[in-house]
Amino acid sequence: MKTLKKSDWNDREVEDLLKKLPKLNDDRTRSLIYSKVEKERRAPGRFKRYVPVIAALAALFIVVLLAPSLITQMSGEDSAMEGAYSTDSSAGDSKVAEDPPSAESKAEITRDDGSTEENQMQMAEKSDKDNKEFTTLKEEGKHERLSLFEEDIDGKYYYSYGLVSSDAIAVPVSVLASAEMEEKQTDWVEQYEDISRKLPEKEWGFQDYFPIKGDLSLSENKENVLLTLEDNHPYSGSSAVESNFYQSLLYSFEDRGVKGITLLTEDGSAPEFSHYGKLPSIPLNRAMHRPFYSYSPDGKGRYLVPGSLSGGNIKQSIAAMKETPSDLYQSVIPEQLSVNVTESDDGVIVTFSEELDLHSMKEQSAQELIEGILLTAKSSGYQKVLFQNIRQETWNGFNFTEPLETPLAPNKKNLNE
């Protein structure tokens, strides 16, 4: 086709030229064109193309965060598996067992619940067996009690001290000493003084009261303790101070097998006190009929303490245990529990009006009840007590089917406590 200049065009020629062009036809229907247009209009935007990428990045971020904990857990499980199949050596090293667990057994061990149902039953049976064995050993072995009993001696010696609290209450405390320490002393009084200097009185809730400010010795016939006080001794001045001094000496030497304590001044005369007057001696080995109560000095520990007033006999003493002499003491006999006392040639029979279940009480309270009655009976000169109407035949080493021996002394302590 030849090139025409613009000026050479006319309408006729343009029309002829258009007629010579190829004919354009669209065979699509209207509905097809409409649906295509609608599809293009509703197509997702550009942002949605990035959703898979963002999701992948988020998943990668979570994996990075959780990886340390997963590694630690897997390491711990591997260590546990290795420990379960290793053998102990005397040098503290471990060796891997020759036959490691199979993949199936390892998968079984690491289940979500930590063990199979069969393993759980075996563990429960083993635990029950261990508890029974522990209970049997506890029943057969020694038992921790508040007071000092004959079974606690085991070749040792004991010394009692009347420690004094900030409430101005003297508390009898018994301390065990080894036989080796005893053999190094010329007599037991020397050992008594040595131990008194080591007593951790403040740690036990008491004041610094020992050693006694004076010279202690035994009489020539060894039937009396001699205490020579200094002229300016601190044991006079008020009724509370003098009472503490008297009770402290009484608790210290009443179980030593001597008849009494002889008090002297440096010139050999009897010391004089502002309230007691002249006090030449303190008699020992008498039936005091003292009721025992529970007492806690400065909130540190609980001790069984005799009341300041004495009853006329064992029946009155045990009846007095139900009513405390002051708010500082607590009764060891529950309020709802009634006690009947019968004296016999062999000892005392204590019968509870209602069956007593010791397992329904706190262990400390149950110990205080039994030992408090035993100590009260001892204070009246009895060596045995038969308890009746207790549900348990045995408890904490006590056999209630037969009379119980009374304690040697109250409130057992060791110097390392």
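Author: Let's start with a term: contact means heavy atoms within 4.5 Å. This is a predicted model, where local features need pLDDT of at least 70, side-chain atom pairs count only at pLDDT 80 or more, and totals for chains, interfaces and linings use all residues. Residues are numbered from 1 along each chain as its sequence is written, and side-chain values use heavy atoms, with hydrogens and water left out.

Reader: Okay, which residues does Tyr161 touch, not counting residues up to four places away in sequence?

Author: Among them are Val171, Pro172, Tyr192, Leu199, Phe210 and Ser252.

Reader: What makes a set of residues a nonpolar core?

Author: The members are buried Ala, Val, Leu, Ile, Met, Phe, Trp, Tyr and Cys residues, joined through side-chain atoms within 4.5 Å. The largest such core here has 43 residues, and Tyr161, Trp188 and Phe253 are among those with the most contacts inside it. Helix α9 (residues 239–253) gives the largest share of this core, 5 residues. Another core, of 32 residues, lies apart from it and includes Leu337 and Phe400.

Reader: Why does Glu368 count as buried?

Author: Buried means under 20% relative accessible area, exposed over 50%, and partly exposed in between (1.4 Å probe, protein chains only). Glu368 has 3% relative accessibility, so it counts as buried.

Reader: And why is Gly397 called partly exposed?

Author: Its relative accessibility is 35%, so Gly397 falls in the partly exposed class. You'll find Gly397 in the loop between β17 (394–395) and β18 (398–399); helices (H or I, at least four residues) and strands (E, at least two) are DSSP runs, numbered from the N terminus.

Reader: How does β16 pair with β19?

Author: In the antiparallel sense, over 2 bridges, with strand β19 covering residues 404–405. There, Lys384 stands opposite Glu405.

Notes. Pairing = 2+ DSSP bridges.
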